[in-house]
Amino acid sequence: MSPARPHILVIRRRYLGDIVLLGSVLRNLRLHWPDARLSVLVESAYVDVLALNPDVDTAHVLPRRLLEWPGFLRRVRRAQFTHVLDLDNTEKTAAVARLSGAPFRLALHHGGSRVKLRGAYTHCFNDPAGEHETRSISEYYLRALAPAGVPVMTREIRLVPKEADLAAMRRLVGAAGRVLLVHPGSRSAWRMWPAERFAALCDHAQDALGAQVVLVGGPGDATVLADIRRHARTHLLTPPDALSLPQFAAIAHLSAALLCHDSGPMHVAAAVGTPVIALYGSQNAALFCPAGPGHTLLQPPLPCVNCVAPGRCVPGDSYRNLCVRNITLDRVVAAVRDTLARSHA
């Protein structure tokens with residue numbers, strides 16, 4: 001591979017939001033090297049989101065079974081990568097970087113974490129803990145560019161829904177008018193706003209704000225979706241089956257706003273240009289914020305002053321407290337109203 005046309009491998013195994021937020025790194029690589037081949041290595045669950053990023057040429061899947069590794073490593077070697085940017089730095093990804101044979105191999109890490117298999121890389125970049133916790137993850141990813149000689153020319157993060165998915169989602173919502181998309185799921189049950197408040201919000205949006213609520217979720221969200229529908233007084237439009245990721249991106253693009261938790265779908269919606277109203281618990285909202293302007297992030301006062309579950313919540317562990325329940329229905333109603341008003345204007 002000629003240096004004039006680099007072949008670049010960016011490694012970030014998971015999760016959905018993290019893969020979406022690679023967008024600004026990929027956009028800057030494309031602007032700096034328009035003819036480069038850009039490849040991304042992810043786990044199999046996240047391949048679909050890469051198909052929506054116009055800067056990605058190839059998605060590679062990290063093997064799950066030991067027997068798959070020899071063939072995978074041979075393909076990596078044959079690809080003749082010129083650059084590897086490893087944003088995970090695990091033992092496995094370090095081995096992939098080293099065995100790629102790329103002349104430039106970077107490990108990105110932060111805080112006090114040590115570089116795993118340091119000899120696998122030609123360059124390392126550490127993001128100091130004090131800075132890392134005050135900026136978004138997308139800014140952290142951009143720190144990988146300078147050692148490769150790539151300037152930061154944009155912070156754009158963009159996904160482009162497929163026309164076939166847009167057409168299918170238009171048929172789903174019909175002539176519904178302004179759509180408020182509601183995705184109440186989360187990877188952590190501790191971070192979920194109560195179903196009865198989602199239901200009351202949906203009723204208010206349809207009765208008082210003139211919006212059509214479309215209630216969506218992933219395969220694991222059937223229970224919370226059913227709980228919201230049971231508490232709601234108004235009819236909530238719900239797809240008959242769980243949407244695929246490309247379908248979700250399409251319906252988010254067609255919606256006036258998305259109400260959700262701090263989650264992967266939040267980042268997908270922001271990347272297709274949809275204003276987000278996001279509900280946070282005690283997690284770092286600066287670190288995990290959606291990209292772009294026009295979003296509203298709602299969070300209870302921190303540190304906690306009115307614990308909703310003394311004895312259950314674990315202070316300092318954002319995966320084991322219920323702080324999100326301290327966000328009142330009135331605050332969410334006001335945020336949805338203001339967002340829909342801006343969208344209509």
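This is a predicted model: local features need pLDDT of at least 70, side-chain atom pairs count only at pLDDT 80 or more; totals for chains, interfaces and linings use all residues.

Reader: Is Leu-209 buried or exposed?

Author: Leu-209 counts as buried because its relative accessibility is 15%. Buried means under 20% relative accessible area, exposed over 50%, partly exposed in between (1.4 Å probe, protein chains only).

Reader: And what does Leu-209 touch?

Author: Leaving out residues up to four places away in sequence, Leu-209 touches Arg-178, His-204, Val-336, Arg-337 and Leu-340; contact means heavy atoms within 4.5 Å. Val-336 is 127 residues from Leu-209 along the chain, with 8.9 Å between their C-alpha atoms.

Reader: Switching topic: how many aromatic pairs are there?

Author: The count is three aromatic pairs. Rings of Phe, Tyr and Trp (its six-membered ring) pair if their centres lie within 6.5 Å; planes under 30 degrees apart count as stacked, over 60 as edge-to-face and the rest as tilted. One of them is Trp-69 with Phe-72, edge-to-face at 5.4 Å centre to centre and 85° between the planes. Both Trp-69 and Phe-72 are buried.

Reader: Which ring does the charged end of Arg-187 sit over?

Author: That of Tyr-15, 4.1 Å from the ring centre. The rule asks for NZ of Lys or CZ of Arg within 6 Å of the ring centre and within 35 degrees of the ring normal. Likewise, the charged end of Arg-312 sits over the ring of Trp-190, 5.6 Å from its centre.

Definitions and conventions. Residues are numbered from 1 along each chain as its sequence is written. Side-chain values use heavy atoms; hydrogens and water are left out.
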